[in-house]
Structure formats: C-alpha cells, structure tokens
Amino acid sequence: MPSAEPRRFPSVRCTDALQFTLRNVYVVPSRFGWCWLLACLLLLVLAFNSGAAAPLLLAGLCLGLFLLALLLTPLNLRGLCLRAGEPAPGFAGAPLQYPLLSHTHHGHGAVGVRLLREPFPAQPPRVDIGPGEGRLSLVWRPQGRGLQHPGPIVVESWAPLGLFRCWGVWRPPGRQLVYPAPLPGPVGRWCPPQADREGEGAWWDLTAHRPEDGLARVAWGVLARGGGWQRRRFAGEGQGAQWLQPHPALPRERALAALAAAVLEADRAGITYGLRLDGSDVPPGRGRAQRDRCLAALALAP
C-alpha cells in the first residue's frame with residue numbers, strides 16, 4: 001500500500017493503547033487473492049462453455065474458500081491490544097527499535113508491523129503473536145535529533161489463507177530520544193586551572209605526595225603521626241576535568257554532531273569531562289551515566 005496521510009484513515013488514533021475490532025480495520029484482497037479470484041472466474045467460463053460439472057464444482061469450492069477467508073481474516077486481528085513501550089535512546093541516522101507491547105487472549109498469525117509512510121514492501125516481515133503478553137519491535141531510522149516520533153504505524157495480517165490483507169493504523173503517543181549523529185570535527189575544550197592555594201575549599205581526600213606538588217599541600221598532621229608523605233586534595237580543585245563546548249566556527253547542528261563524537265571519545269578514554277551549552281551545563285563526571293547525560297543534553301539543545 002502506498003504511503004498515505006493519517007487524516008485519510010479514521011482509525012488513526014493517538015492513544016496510549018489501541019485494541020483492534022471489526023470497526024477499525026480494513027480488508028482488501030491480496031495479490032494472491034486477486035489471482036485466486038481470477039482463477040475462479042476462468043473456471044466458471046470453462047464450465048459454462050464445456051458444460052462439464054467438474055470445473056463448475058471446483059469454481060464453487062474456490063469461491064466458497066474466498067468468501068470464508070473474507071470472514072476469517074479480520075478475526076485474526078480482532079482482540080489484539082497494542083501499547084507503546086519505553087524506547088531506548090539512539091543516534092540519528094541509525095536504525096532504532098521502537099518497542100510495542102501486545103496483549104491478547106488468543107493467538108494471531110502472520111502479523112506485520114511497519115511505518116505508514118514507508119512504501120509497501122514486496123515481502124513484509126511477519127510474526128506470530130501468542131496469547132498473553134508479548135513484545136514487538138518497530139525498526140525505523142530517524143533523521144533528526146531530539147524527541148522524535150516514528151509516526152503512524154500499520155499493523156496488518158494475511159492469515160489464515162493469505163487471500164485477503166487486513167490492516168489497521170495506529171499512532172502511538174510515545175516519543176524516542178534521538179542523539180545527534182556523531183561526526184568528527186573540532187570542538188571547544190577548556191580545562192580550568194586547578195586550585196593551588198590551601199583554603200580554597202575544604203579538603204576531602206588524601207593522595208600520595210609527589211615532589212612537584214610542593215610543600216603547601218603536605219598533610220603535616222598525618223606526617224607527624226607517622227602516616228608518611230600525603231597530599232591534601234581540596235573540593236574546589238578542578239581535578240583535571242575537561243569542559244567541552246561547541247566550536248564557534250561551525251554551524252549549530254554540525255557543532256553538536258562534533259560534540260557527540262567528542263563525548264563518545266572522552267567516555268572511551270575514561271577521562272573526567274563536562275559539557276557547556278547555552279545555559280545548560282552538565283557538571284564534570286565520567287562513566288556511562290555521564291555519557292548519557294551529555295548526549296541527552298545535546299539531543300535537547302535549542
């Protein structure tokens with residue numbers, strides 16, 4: 001089926017969940033169904049011209065199966081309830097999975113899920129949904145960053161005979177966080193000077209003393225108690241944190257893409273880094289949580 005605007009389908013609803021009934025699905029013959037119907041007509045013409053009973057009996061049997069499939073195909077989607085899951089963040093331009101949670105009291109065979117704006121595939125993927133709770137994944141490829149929505153989706157079925165195609169359209173409300181596509185490029189880097197004077201903050205840790213640290217940071221009390229040469233580290237020290245910020249010579253989106261690549265590089269290197277954007281700074285840190293915070297700030301940056 002070619003792409004169509006959602007307003008053409010009265011069953012397109014932006015609701016938390018959608019249960020398919022006989023009133024919000026469409027049924028049309030499939031390609032195989034049209035060929036089947038054409039074969040039935042040819043058998044009827046052959047039977048009328050020859051006067052034989054066998055082609056007429058066979059044509060009646062094929063037409064009966066055709067009408068039976070018309071009644072059974074919509075029943076394959078009836079009772080299926082879908083609701084949107086919690087989509088995991090991803091990068092723009094990469095294939096992302098949009099989870100759909102299913103609930104039904106009986107099984108549904110040969111069910112396909114795809115985007116409405118995509119052209120009808122020659123061989124659409126089909127899955128069997130068993131009774132109870134289930135999970136489906138809609139794979140899509142967002143092109144921009146931010147909170148993106150895949151758009152209306154089509155849930156379709158060809159069971160049980162494949163003679164008809166039954167489908168319904170639903171627009172799940174959940175949006176997916178999409179990070180900027182990481183692209184190598186220049187970024188602004190700033191390392192604040194470390195505090196060198198005792199008293200800039202309350203000291204909160206001890207580290208091994210190095211000759212280049214000087215005597216101002218020596219923990220004399222610890223040394224007097226026989227604790228060896230120790231260096232006091234203050235809470236106000238920069239601790240080697242690196243601040244990343246957009247490069248002024250790059251366009252806005254290109255600078256954010258370069259920052260996304262720099263965040264991934266800093267995370268792999270295991271350094272402490274922070275992010276400076278327009279009024280929304282991410283404090284320095286490290287680890288997976290810090291990486292996700294910085295990428296989320298880049299995705300939602302104005």
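Guide: Happy to; we can go from the whole chain to single residues. This is a predicted model, so local features need pLDDT of at least 70 and side-chain atom pairs count only at pLDDT 80 or more, while totals for chains, interfaces and linings use all residues. Residues are numbered from 1 along each chain as its sequence is written, and side-chain values use heavy atoms, with hydrogens and water left out.

Visitor: How many helices and strands are there in the protein?

Guide: There are 5 helices and 18 strands. Helices (H or I, at least four residues) and strands (E, at least two) are DSSP runs, numbered from the N terminus.

Visitor: And how much of the protein is buried?

Guide: Buried residues make up 40% of the 302 residues. Buried means under 20% relative accessible area, exposed means over 50%, and partly exposed is in between (1.4 Å probe, protein chains only).

Visitor: What share of the contacts comes from residues 24 or more positions apart?

Guide: They account for 69% of the contacts with a separation of 6 or more. Contact here means heavy atoms within 4.5 Å.

Visitor: Which residues touch the most other members in the largest nonpolar core?

Guide: That core has 23 residues, and Leu-244, Leu-259, Val-263, Leu-275, Leu-277, Leu-295 and Leu-298 touch the most other members. A nonpolar core is a set of buried Ala, Val, Leu, Ile, Met, Phe, Trp, Tyr and Cys residues joined through side-chain atoms within 4.5 Å.

Visitor: Which element gives the most to this core?

Guide: Helix α4 does, with 8 residues. At least two residues each come from β12 (176-179), α4 (252-269), β17 (273-275) and α5 (288-299). Apart from this core lies another, of 22 residues, including Phe-20 and Ile-129.

Visitor: Can we zoom in on Leu-277? Where is it?

Guide: Leu-277 sits in the loop between β17 and β18 (282-285). It counts as buried because its relative accessible area is 8%. Beyond its neighbours within four places in sequence, Leu-277 is in contact with Pro-246, Leu-256, Leu-259, Ala-297, Leu-298 and Ala-301.

Visitor: What about Val-263, what is it in contact with?

Guide: Again leaving aside neighbours within four places in sequence, Val-263 is in contact with Leu-244, Tyr-273, Arg-291, Cys-294, Leu-295 and Leu-298.

Visitor: What lines the second largest pocket?

Guide: Among the lining residues are Val-111, Arg-114, Glu-118, Pro-125 and Leu-138. Strand β6 (108-115) and strand β8 (132-140) each supply at least two residues, and β6 gives the most, with 5. The lining divides into 8 nonpolar, 2 polar and 2 charged residues. Ala, Val, Leu, Ile, Met, Phe, Trp, Tyr, Cys and Pro count as nonpolar, Asp, Glu, Lys and Arg as charged, and the others, Gly among them, as polar.

Visitor: Is Arg-114 buried or exposed?

Guide: Arg-114 is buried, because its relative accessible area is 5%. Its side chain makes a polar contact of 3.0 Å with the side chain of Glu-156. A polar contact is a pair of N or O atoms within 3.5 Å; within protein, one must be able to donate a hydrogen and the other to accept it, and residues adjacent in sequence count only if both atoms are side-chain atoms.

Visitor: Where is Pro-160 found?

Guide: In the loop between β10 (153-157) and β11.

Note on methods: On a 1 Å grid over the protein atoms alone, a cavity is a set of points where a 1.4 Å probe fits but cannot get out, and a pocket is an open set with protein on both sides within 12 Å along at least five of seven lines; lining residues have an atom within 4 Å of a point.
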